[in-house]
Amino acid sequence: MKKLVLLLTSLFVLTAVLCGCTQQQEKNQSYVSAAELSQEETDILKLVGAQEPILFDFTTYLGKSFSIQTMELENGSWSEPRTYSSSLDEDTFPFHGRIAIKQDEETGAILSLAVQGPHGFTHSSPTPDENAPTYSSHSTALLSSRVEIEPEKPIALQVYYGYADGQASHTSYIPDYALEHPEEIDSDYAQIVVITFSETPLS
């Protein structure tokens, strides 16, 4: 009887360990990274005279939804976000997606935001602000390394910095630092794009 109890206990512990390992492996395989167009895709864009977008790829085994948010710098902090949200279907896990962002380089305005997933494309084209100022110089800092996805934790994809004075020296912080320390940004204008995966489904 004792041997049976010990055997059942061992099987229970082994099952728990294997489940834990599987969950950890899935977490480690859920990530966001920078992406690039293939040569064929680049040639097509050149053929039609289209601007090459900024691209990011993601793969996730986690979450029930994700949101892409844009925020502007206001008095040393990030403003209330403009949000694009989409559902994640566990039946399609691992969920592979690609994000394409097209931005006006003179004003920083997001001209289009597209997400490609297993079931096709979704696309958003915000209405540009015709009164938005243009900047004599600008820079864009992008996510450069692979970042593991953690539910409810924002991942900064890119930051646009606009400068009224093109001659002055400025610091362009990488996206994750800019997200955490907006008070240190010294540009005349800044806009950040982040993505957040959530365990909460869309209502």
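What follows is a conversation about the chain, its cores and its pocket.

Author: Before we start, this is a predicted model, where local features need pLDDT of at least 70 and side-chain atom pairs count only at pLDDT 80 or more, while totals for chains, interfaces and linings use all residues. Residues are numbered from 1 along each chain as its sequence is written, and side-chain values use heavy atoms, with hydrogens and water left out.

Reader: Okay, how many helices and strands are there in the protein chain?
Author: The protein chain has three helices and 12 strands, taken as DSSP runs numbered from the N terminus (helices are H or I with at least four residues, strands are E with at least two).

Reader: And what percentage of the residues count as buried?
Author: Of the 203 residues, 36% do, where buried means under 20% relative accessible area with a 1.4 Å probe, protein chains only.

Reader: Which residues have the most contacts inside the largest nonpolar core?
Author: Those are Val32, Phe66, Ile68, Ile99 and Ile195, in a core of 21 residues; such a core is a set of buried Ala, Val, Leu, Ile, Met, Phe, Trp, Tyr and Cys residues joined through side-chain atoms within 4.5 Å. Apart from it lies another core, of 14 residues, including Tyr161 and Leu179.

Reader: Where is isoleucine 195 found, and why does it count as buried?
Author: Isoleucine 195 is in strand E12, which covers residues 189–198, and it counts as buried because its relative accessibility is 0%. Leaving aside neighbours within four places in sequence, isoleucine 195 is in contact with residues that include Val32, Phe66, Ile68 and Ile99, contact being heavy atoms within 4.5 Å.

Reader: Switching topic, what volume does the largest pocket have?
Author: Its volume is about 440 Å³, meaning the space filled by probe spheres set on grid points joined across faces, edges and corners. On a 1 Å grid over the protein atoms alone, a pocket is an open set of points where a 1.4 Å probe fits, with protein on both sides within 12 Å along at least five of seven lines, and lining residues have an atom within 4 Å of a point.

Reader: Which residues are closest to the centre of the largest pocket?
Author: Of the 21 residues that line the largest pocket, Glu72, Arg82, Ile110, Pro126 and Gln191 are the closest to its centre.

Reader: Which element gives the largest share of that lining?
Author: That is E3, with four residues.

Definitions and conventions: Buried < 20%, exposed > 50% of the residue type's maximum accessible area, 1.4 Å probe, protein only.
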